[in-house]
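Subject: Structure for you to look at

Hi,

Here is the structure I promised to pass on.

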Amino acid sequence: MSQSLNASPSLFGDLSIDHAVAGFGAGSVATLVMHPLDLVKVRFQLAESPRPSSVASTSTPIVPPTTAPTSSSPASILHPAESSRQAMLSHAGNAGSALRSAVPRPPPRFGTGVYRALEEAVRADGWKGLYRGLVPNLVGGASSWGLYFLLYNMIKKQMQGDDPTYRTTSGQHLLAAAEASAVTAMLTNPIWVVKTRVFATGRSDPAYRGLWSALRTIYTREGIQGLYKGSLLALVGVSNGSIQFATYEAIKRRRTDLKRKLYETKGKEWKVEDEKLTNTEYILASGSSKLVAIALTYPYQVVRARIQNAPTGPLVPKATIPGMIASTYRNEGVLAFYKGLGTNALRILPGTCTTFVVYENLVWLFRAMAVKRAETGRLL
């Protein structure tokens, strides 16, 4: 935040805690609003499909592997295990249908795949299907944002030392965001593993009906390592948050400085409250900064989701990052690393913008309440 805001009174005793509570509230609101699209995005990421050239390059039609559902099939996205079983039965009983399925089909228009996936979720589990896995997603989203903003502002406060007027640089923003993201990622990774598993299964699976049952199931079957699947990739994802926050802070600071210069030009007095931007400005700043970050770091999310959902057992080779990258590229091509990007694009702007608008407004609300309380105390 800006220098004068850092010198402002705190509602909860420390500005870092104020930011943490604001982040917790913002994360909760954003998760509730965007959960259905988040559900579909993860299922698109988990869906496997063969390279298009694998069919076109052969003279004899080849039936697509039954364990590799296409991203354009909502049923295969929503219930991978069930769709594989049905595909095998269909292949054994109807060869003609299997051959027809090998004929390349044009990809669905942008947005139609998302709509069909949402429709299938409702058909499979009712309207509650759109909010399957809400508890782990809500716990993970709210706690992650709260913890992140707590650590981020604590680190920036340390960088400032005892000088509340010190303005942190873009490089310091990048470093603070990286450190806060890394700690948050490691502490919340088990919740995201549960979220991925719950999203990938139907309501009929008793092992993944709730947060605690899923945590217990994963720990019993796979040990502590199961809860930290994808944690290395989560650390890779630190770059996403770092890029986003450094860009966001730079955009916001530039806009504040321009606003201050405009006030000086008009001869208007500049007050601390004038540092608050409009909701439209927060939307533009958060949306553009997130787009920059997601464009540079999206492929790791696909690999991470697949590692977290990889089967385990004594006879099953352990999924590794190099192995998953190699197999995904070999079987599906480079575009597989951008599966779910369209869905993510649909949810990323409203999701990110909702989070930051709520966060910024809560921060300023807490500040106003703290100032009012301090003034009341002086009068008494």
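**Salt bridges**

Arg 367 and Glu 273 are joined through their side chains by a salt bridge, at 3.6 Å from N to O (the term means a side-chain nitrogen of Lys or Arg within 4 Å of a carboxyl oxygen of Asp or Glu). This pair links distant parts of the chain, with Arg 367 in helix H15 and Glu 273 in the loop between H12 and helix H13 (279-308), 94 residues apart. Helices here are DSSP runs of H or I with at least four residues, strands are runs of E with at least two, and both are numbered from the N terminus. Arg 367 is buried at a relative accessible area of 10%, while Glu 273 is partly exposed at 46%. Buried means under 20% relative accessible area, exposed means over 50%, and partly exposed is in between (1.4 Å probe, protein chains only).

Before you go further, note that this is a predicted model: local features need pLDDT of at least 70, side-chain atom pairs count only at pLDDT 80 or more, and totals for chains, interfaces and linings use all residues. Residues are numbered from 1 along each chain as its sequence is written, and side-chain values use heavy atoms, with hydrogens and water left out.

The structure has 10 salt bridges. One of them pairs Glu 360 with Lys 252, their closest N and O atoms being 2.9 Å apart. Glu 360 lies in helix H15 (residues 341-379) and Lys 252 in helix H12 (residues 238-266), so this pair ties together parts that are 108 residues apart in sequence. Glu 360 is buried at 0% relative accessible area, and Lys 252 is buried too, at 9%.

Asp 14 and Lys 157 also meet in a salt bridge, at 3.2 Å from N to O. Asp 14 sits in the loop between helix H1 (3-6) and helix H2 (15-46) and Lys 157 in helix H8, so the pair ties together parts that are 143 residues apart in sequence. Asp 14 is partly exposed at 23% relative accessibility, and Lys 157 is partly exposed at 46%.

**The bent helix**

How far does helix H10 (residues 211-227) span between its end C-alpha atoms? Only 12 Å, whereas a straight helix of 17 residues would span 24 Å (the expected span is 1.5 Å times one less than the number of residues). H10 bends by about 105 degrees at Arg 221, the bend being the angle between axes fitted to the seven residues ending there and the seven starting there. Its buried residues include Leu 215, Ile 218 and Glu 222. The buried residues of H10 pack against helix H8 (134-160) and helix H9 (170-199).

**The largest cavity**

The largest cavity is lined by 43 residues, and Trp 145, Trp 192, Lys 290, Tyr 300 and Arg 304 lie nearest its centre. (On a 1 Å grid over the protein atoms alone, a cavity is a set of points where a 1.4 Å probe fits but cannot get out; lining residues have an atom within 4 Å of a point.) H2, H8, H9, H12, H13 and H15 each supply at least two residues of that lining, with the largest share, nine residues, coming from H2.

**Overall**

The chain has 15 helices and zero strands, and 46% of its 380 residues count as buried.

Cheers

Conventions: Contact = heavy atoms within 4.5 Å. 1 Å grid on protein atoms, 1.4 Å probe; cavity = no way out; pocket = protein on both sides within 12 Å on 5 of 7 lines; lining within 4 Å.
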